[in-house]
Amino acid sequence: MKRVDSLIGQNLREMFAAATAWLEKSASDIDALNVFPVPDGDTGTNMLLTMRSTMEEAYRAPDRSVAAVAQAMAKGALMGARGNSGVILSQIWRGLAQGLAEKEALTGSDLAGALKQSSTMAYNGLSNPVEGTILTVIREAASAAQTQASSGGNDLISIMEAAVDAASEAVANTPSLLPVLKEAGVVDAGGQGLYTILEGTLHYLKGEAEQLQLRKPLMIVSSVPLPVRLPQMAMGEVPYGYCTEFMLKGHELGSDKIRRKLEKKGQSLIVVGDESTVRIHIHTLAPGDVIHQATSLGTIHQVSIRNMDEQLQDFVEMQTERMPEVDMAIIVVVSGDGLTEVFKSLGVTVIVPGGQTMNPSTKDLLQAAEAVASDKVIILPNNKNIVPAAEQVQSLTAKKIEVVPTTTIPQGVAALLAFDYEADFGTNIELMKKSKSAVATIEITRAIRSTQLGGQNIKKKQAIGFLDGDLVAVGDSTTDVLNEVLARLALTKAEVITIYYGADTEPTEAEQVGLSIREQHPHLQVEVIRGGQSHYNYIVSVE
Amino acid sequence: MTFKIIADSLGDVPPEVAKELGITIIPVHVIFGAESFRDGIDLTSEQFYDKLTREKTLPTTSVPPLGTFVDAFDKLAEETDQILAITVSSKLSATHETAAQAVELMKRKCRVEVVDSLGAGMAEGLLVITAAKAAQAGAGLDEVIKLTQRNITRTEIRMAFDTLEYLKRGGRIGRAQALLGSVLKLNPILGIKDGEVHPFARERSRAKAIDYLYNFAMSFANIEELAVEDATTPDEADMLVERLSSRFPRERIYRPKVSPVLGAHVGPHVLSVAVLGDRK
């Protein structure tokens with residue numbers, strides 16, 4: 001087996017130059033991991049820039065002595081240190097230089113001793129050392145190197161190998177030490193960077209020039225199971241069966257190939273990893289099938305299958321977390337997939353399906369109110385027939401319930417937008433109630449029977465238009481009726497028009513309506529959105 | 001002046017103001033691909049936004065090298081034995097930590113105090129300016145630190161965004177992530193609270209968003225310092241200054257441009273108002 005007993009200054013420099021080149025290959029991957037202490041996505045870049053400055057200085061040092069090269073590295077790192085991890089890295093090289101002071105050549109025991117100094121120096125440099133970071137990684141690496149050195153042999157390769165293995169384990173374990181990592185589902189970026197540098201030095205010691213040139217550093221996968229964020233799901237919706245997660249290990253595992261194989265098996269498929277380890281996440285009705293398919297590709301590890309119905313409760317809690325004010329929840333009544341999406345994207349806590357043709361009961365609303373984590377609940381009924389049911393909820397629960405009596409979808413949207421993250425419950429109710437006056441609602445539908453309404457004769461299936469609930473126009477075409485109602489409004493004073501078209505309305509027709517409003521009123525901001533609501537061909541908001 | 005003031009470029013203190021008040025500005029770096037630029041020195045705001053629209057790669061930013069702070073401190077220490085460094089919020093950037101580290105590594109002996117502004121843009125800049133003004137008027141270092149700590153609680157900023165894409169990409173969106181992913185086109189209003197980005201409101205049009213900024217400034221009972229900052233829409237900013245001049249002397253309203261480094265995180269079309277004053 002290959003052995004390296006000692007290095008002179010020139011070798012030390014080449015070793016870290018190789019490690020820098022190795023780090024460069026995964027700098028952007030490391031950037032993507034970065035969530036602590038500041039989620040700014042530049043840890044890899046900062047460590048690389050620090051290493052470049054380190055090596056520039058190292059090349060100015062004389063060739064012979066390792067002490068001189070290590071000194072130069074420490075100086076270069078110090079002057080070029082960027083970001084938190086860069087600063088800690090500079091401390092590591094400073095410790096290394098101290099450990100190698102006055103040494104001409106570097107032996108295995110020198111290396112182990114110097115790494116120990118590096119670790120101490122890294123901790124000393126910080127007023128508040130945090131575990132689960134690059135600090136933990138250097139400490140574990142240094143300690144493994146010492147154990148190896150004292151157990152025999154002065155071989156640099158075996159000592160560095162022990163350090164790299166320990167670093168790898170330490171990186172994989174960072175999420176269990178630092179909650180923010182676990183929450184984000186990543187390992188520590190700075191730790192990963194240090195591991196990559198150490199791994200680069202090991203490749204150099206082993207003489208693996210080809211490895212260094214042709215391969216890419218592996219990103220370490222967390223050793224603790226990471227929580228997977230659920231997609232948004234409304235109350236009463238049918239969930240996608242089982243949330244299935246596992247790790248696949250094997251050879252030449254192409255993520256794309258696996259993705260193609262599994263994509264028809266369910267929803268929310270995520271396949272991440274490399275040729276030898278891949279993490280898979282999918283929502284499927286047949287978890288057995290998915291696992292069966294995967295066993296043909298490699299070995300299965302860390303299998304987790306969870307029933308998504310049971311996750312609904314967690315989901316509701318997570319939704320409340322999404323709102324900056326956790327002590328207030330907003331319940332909205334809406335139907336139509338597009339409109340549901342609109343409300344969800346504005347950050348409501350719970351959606352209760354319902355509307356003109358399906359009025360939810362007081363019990364439905366009460367259940368939603370009881371399910372949320374908050375004690376203060378705001379209900380937006382969005383329909384005048386639902387307001388009375390909503391107003392009953394307060395008498396049935398100990399929670400504080402306020403109904404903002406919105407009677408149309410646009411009023412509901414306006415109320416939600418008026419919500420002030422900084423204001424208290426009472427102020428928010430005021431703001432939301434007040435917002436009603438700033439928006440006008442047009443609803444276009446077809447008469448379900450011949451009748452007389454608002455002094456007008458209406459034939460069955462004729463298009464009828466309502467302005468804020470009052471019937472104001474009748475005609476044969478829905479677009480003509482819409483234009484007629486729009487003509488009643490002072491559009492010169494309006495700023496934004498939003499057209500939500502229904503399930504039975506052609507998108508091209510809706511786009512055409514939007515276009516003609518834009519042409520007639522160029523100052524207006526016009527948005528055409530698929531509401532997917534039944535009954536109403538168009539619901540239009542004028543602000 | 002008995003002591004020197006140093007700040008990072010994220011405070012967007014206009015160069016002429018910095019010069020007049022003797023403030024040293026340490027540039028944060030903005031990186032396009034392989035090129036690194038020093039904020040405001042190698043790249044102006046206009047050049048940056050021009051590049052932002054032309055370049056294929058989107059920019060990233062990088063904290064000033066530790067050595068830059070060490071050198072700057074040592075250089076100032078030739079003239080004084082007391083330095084006050086005011087930095088961008090430590091919850092938004094590692095610049096604060098870097099400055100604090102640099103103090104340990106100085107060659108010269110000098111008292112250096114590093115204060116976390118808990119702000120960015122003119123929320124930081126107004127603190128730097130008022131500190132420098134107080135120093136010029138003869139206040140001592142301890143007095144100015146106390147003043148700055150008090151002013152941190154009196155300074156607020158609101159920013160009108162067209163898109164939160166840049167903020168999200170840079171990882172600094174904080175609690176404003178609740179505003180992401182809206183199906184409707186929104187004009188979010190964000191601010192900085194306790195050092196982090198916070199959502200304040202969602203408006204449905206740019207005009208309403210600008211009204212929000214106006215009402216925000218007008219809601220103060222007493223305004224001591226006021227700044228209106230734009231990224232790429234100077235006309236909007238000028239019009240807002242015009243409206244606000246009914247309340248606060250126009251010539252005292254600071255009108256900087258969003259710096260390249262801040263711009264890399266907020267993107268184009270950002271318009272902001274910062275107020276140092278009292279609510280009631």
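**Helix crossing in chain A**

A crossing is right-handed if the near helix is turned clockwise from the far one by less than a right angle, and left-handed if anticlockwise. I wanted that written down before looking at α1(A) and α3(A), whose crossing is right-handed. I keep in mind throughout that this is a predicted model.

I looked up the two helices: α1(A) spans residues 9-33 and α3(A) residues 66-80. Their axes come within 7 Å and cross at roughly 35°. On the α1(A) side the contact is made by Gly9(A), Leu12(A), Arg13(A) and Phe16(A). From α3(A) I noted Val66(A), Ala68(A), Val69(A), Ala70(A) and Met73(A). Sorted by class, that contact has seven nonpolar residues, one polar and one charged.

**The six-stranded sheet in chain A**

I traced an open sheet of six strands with mixed pairing, in the order β15-β14-β11-β18-β16-β17 of chain A. β15(A), residues 470-475, and β17(A), residues 525-530, each have a single partner strand, so one side of each is left without a neighbour in the sheet. On average, neighbouring strands here are turned by 15° against each other, direction ignored.

β14(A), residues 463-467, is joined to β15(A) by five bridges, and the two run antiparallel. Within that pair, Leu467(A) has Asp470(A) in β15(A) as its bridge partner.

Then I asked myself which helix packs on this sheet, touching β16(A) and β17(A). I found α20(A), residues 507-520, with a direction that makes about 170° with that of β17(A).

**Ser450(A)**

I stopped at Ser450(A), which sits in the loop between β11(A), residues 440-446, and β12(A), residues 451-453. Buried or exposed? I counted it as exposed, because it has 11 C-beta neighbours inside 10 Å, and the cut-off for exposed is 12 or fewer. Setting aside neighbours within four places in sequence, I still found Ser450(A) in contact with Ile458(A), Lys459(A) and Lys460(A). I also looked at Gln462(A): twelve residues from Ser450(A) in sequence, and 8.5 Å away from C-alpha to C-alpha.

**α15(A)**

Here I wanted the buried residues of the helix at 362-371 of chain A, and they are Asp364(A), Leu365(A), Leu366(A), Ala368(A) and Ala369(A). I then listed what they pack against: β7(A) (328-334), β8(A) (350-353), β9(A) (376-380), α16(A) (387-392) and β10(A) (400-403).

**Over to chain B**

I began with the overall tally, which gives ten helices and 13 strands in chain B. Of its 280 residues, 55% count as buried. Taking the contacts in chain B with a separation of 6 or more, I see that residues 24 or more positions apart account for 74%.

**α2(B)**

In α2(B), residues 45-54, I found Ser45(B), Phe48(B) and Leu52(B) buried. Why do they end up on the same side of α2(B)? They cover an arc of only 60° around the axis, which puts them there. I turned to the face away from that buried side and noted the exposed residues Glu46(B), Gln47(B), Thr53(B) and Arg54(B). Among the elements covering the buried residues of α2(B) are β3(B), residues 29-32, and α10(B), residues 260-266.

**The sheet in chain B**

I followed six strands of chain B in an open sheet, ordered β10-β9-β8-β13-β11-β12, with mixed pairing. β10(B) and β12(B) are the edge strands, and each pairs on one side only. Opposite Ala227(B) I found Tyr254(B), in β12(B).

I also noted α6(B), residues 141-154, lying across β8(B) (155-160) and β13(B) (271-278). That helix runs at about 120° to β13(B).

**Where the chains meet**

Last stop, the interface: I have 33 residues of chain B in contact with 36 residues of chain A. The chain B elements giving two or more residues to that side are β5 (60-62), α3 (66-77), α4 (95-104), β10 (196-203) and α8 (206-218). Which of them gives the most? That is β10(B), with five residues, and I had already marked β10(B) as an edge strand of its sheet. By class, the side of chain B that touches chain A has 13 nonpolar, twelve polar and eight charged residues.

Methods: Residues numbered from 1 in each chain as written. Chains lettered and ligands numbered in written order. Predicted model: local features only at pLDDT ≥ 70, side-chain atom pairs only at ≥ 80, totals over all residues. Contact = placed C-beta atoms within 7 Å. Helix = DSSP H or I, 4+ residues; strand = E, 2+ residues; numbered from the N terminus. Nonpolar A, V, L, I, M, F, W, Y, C, P; charged D, E, K, R; others polar. Axes fitted to C-alpha atoms, helices over the stretch in contact; angles between N-to-C directions. Pairing = 2+ DSSP bridges. Buried ≥ 20, exposed ≤ 12 C-beta atoms within 10 Å, placed from the backbone. Arc of directions from axis to C-beta.
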